[in-house]
Amino acid sequence: MDAEAVKQLARDLGADLVGIASAKTLNAFPPDPLWPQTPDRISESCKSVIVIVSRIPVAAFRAKSGVAVQYMDMMVLRRMDKIAYRLAQALEREGHPAFVTAAQETDWDFKRASYGRLSTRHLGIEAGLGTFGLEVNILTPEFGPRIYLTGVLTDLELEPDQIMTEQVCIGESCSRCLYSCPTDAVRHFGIDKRNCAKEAQEFGFMTSLPVWDRFIDGDAETRKDLIRSRDIYGFWQGLLRVVGSFGDCPRCLAVCPVGNDYHAYLADHQKVIPEKTDEKVAKAKGFKQARKEGDDVSGLNDWNMRWVGPEGYKGIVARQLQEFKAKQRQREERRTPTSENAE
Ligand code: SF4
Ligand code: SF4
């Protein structure tokens with residue numbers, strides 16, 4: 001099987017996007033060399049990682065609360081795992097051992113904060129599917145950051161895709177993710193994970209610890225109140241359906257103007273960002289100035305630039321928007337009869 005046959009199979013199984021990263025490259029460029037999330041730590045025989053993308057249906061980002069996105073997230077993840085599993089089975093049937101990475105699990109021997117055995121964002125970038133956004137989600141030209149990714153590790157040597165060198169994120173002059181963030185967690189091509197978790201993991205593991213502390217230290221009355229509290233019910237729902245335990249906050253995904261899904265269904269709904277403040281605008285201006293002056297920004301250092309896009313932003317979103325509008329016009333023209341063909 002060659003790379004194109006594998007990719008076609010993944011698409012036939014339902015992948016929205018698919019790319020291939022070489023294990024050799026992933027081993028050479030771990031996201032953080034101090035804590036290397038590399039295929040060789042998982043399996044020395046892995047030669048290629050097939051990266052599969054499932055997009056989150058965009059209508060959920062138009063709902064009045066984040067619950068719609070949380071529920072869709074759970075279904076997208078289940079479906080994506082099935083696609084990856086079937087792909088691994090198909091590869092094995094052809095004589096190429098393969099297995100699926102645990103996409104959403106934390107490796108407890110590492111940083112202990114949403115730090116998996118492999119970083120799926122970096123897998124996607126190495127497989128040529130996108131580049132980092134200001135909030136360090138992967139942005140794909142097709143669906144922006146509104147996606148999930150997983151990887152199938154295989155012994156099969158496949159031709160890898162080329163990493164994108166053009167920055168997909170509009171960058172500091174956009175900063176819409178920064179403006180929308182309720183906990184001000186967006187850094188300069190970085191993220192304050194602890195602050196993000198307050199909203200994104202309302203009923204996640206770290207959020208549960210202080211509640212259990214209060215329970216253990218509390219008197220009988222406190223324990224009784226806690227057991228009937230919204231918190232405990234939230235954790236229960238999280239255990240049942242993952243809802244609330246991660247991916248809880250949709251804001252930076254909803255407002256990102258990258259992707260035709262945004263142009264088609266979100267631009268009007270998300271035009272105004274109610275969370276935008278003067279302080280956030282000043283912060284974005286500071287980022288812009290720092291980049292212009294070549295200040296020492298850790299998110300933009302020599303190591304990280306690989307994933308940001310070393311060529312910088314060259315207007316990919318504007319080009320995409322023009323193409324999108326041209327297609328829309330053509331569609332409308334086809335629908336509206338001209339005086340000539342109406343006669
Ligand atoms: S998920 Fe929410 S809290 Fe986290 S960075 Fe995005 S907007 Fe901020
Ligand atoms: S909202 Fe703007 S700045 Fe933020 S990731 Fe998307 S394109 Fe980049």
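How do the residues of the shell around ligand 1 divide into nonpolar, polar and charged? They divide into nine nonpolar, two polar and three charged. Here Ala, Val, Leu, Ile, Met, Phe, Trp, Tyr, Cys and Pro count as nonpolar, Asp, Glu, Lys and Arg as charged, and the others, Gly among them, as polar.

The model is predicted: local features need pLDDT of at least 70, side-chain atom pairs count only at pLDDT 80 or more, and totals for chains, interfaces and linings use all residues. Residues are numbered from 1 along each chain as its sequence is written, while chains are lettered from A and ligands numbered from 1 in the order in which they are written.

**Figure 1. The shell around ligand 1.** Ligand 1 is surrounded by 14 residues. The closest are Cys-181, Cys-196, Cys-249, Arg-251 and Cys-252. A residue is near a molecule or strand if its C-beta atom, placed from the backbone, lies within 6 Å of it. The most come from α6, with three residues. Helices (H or I, at least four residues) and strands (E, at least two) are DSSP runs, numbered from the N terminus.

**Figure 2. The shell around ligand 2.** Ligand 2 has 15 residues around it. Gly-133, Cys-169, Cys-174, Cys-177 and Cys-256 are the closest. By class, the shell holds 10 nonpolar, three polar and two charged residues. Ligand 2 lies between domain 1 (3-168 + 298-326) and domain 2 (176-292), because both give residues to its shell. The domain bounds come from an automatic or database domain assignment.

**Figure 3. Where domain 1 touches domain 2.** The C-alpha centres of the two domains lie 22 Å apart. In this view, 35 residues of domain 1 are in contact with 32 residues of domain 2. Contact requires that the C-beta atoms of two residues, placed from the backbone, lie within 7 Å. On the side of domain 1 that touches domain 2, α3 (67-93), α13 (302-308) and α14 (316-335) each supply at least two residues. The largest share, five residues, comes from α3. By class, this side of domain 1 has 20 nonpolar, 10 polar and five charged residues.

**Figure 4. Strand β6 and its two faces.** Strand β6 (residues 147-154) is mostly covered, with eight of its eight residues buried. A residue is buried if 20 or more other C-beta atoms lie within 10 Å of its own, exposed if 12 or fewer, and partly exposed in between; C-beta atoms are placed from the backbone. In a regular strand the side chains alternate between the two faces of the sheet. On one side of β6, Ile-147, Leu-149, Gly-151 and Leu-153 are all buried. On the other, Tyr-148, Thr-150, Val-152 and Thr-154 are all buried.

**Figure 5. The partners of β6.** Strand β2 (residues 48-55) runs antiparallel to β6, and eight bridges join them. Ile-50 stands opposite Val-152 in β6. Strand β3 (residues 98-100) also pairs with β6 in the antiparallel sense, over three bridges. Val-100 has Val-152 as its bridge partner in β6. Two strands pair if DSSP finds at least two bridges between them.

**Figure 6. The chain around these views.** The chain has 15 helices and eight strands. Of its 343 residues, 38% count as buried. Among contacts between residues at least 6 apart in sequence, 76% join residues at least 24 apart.
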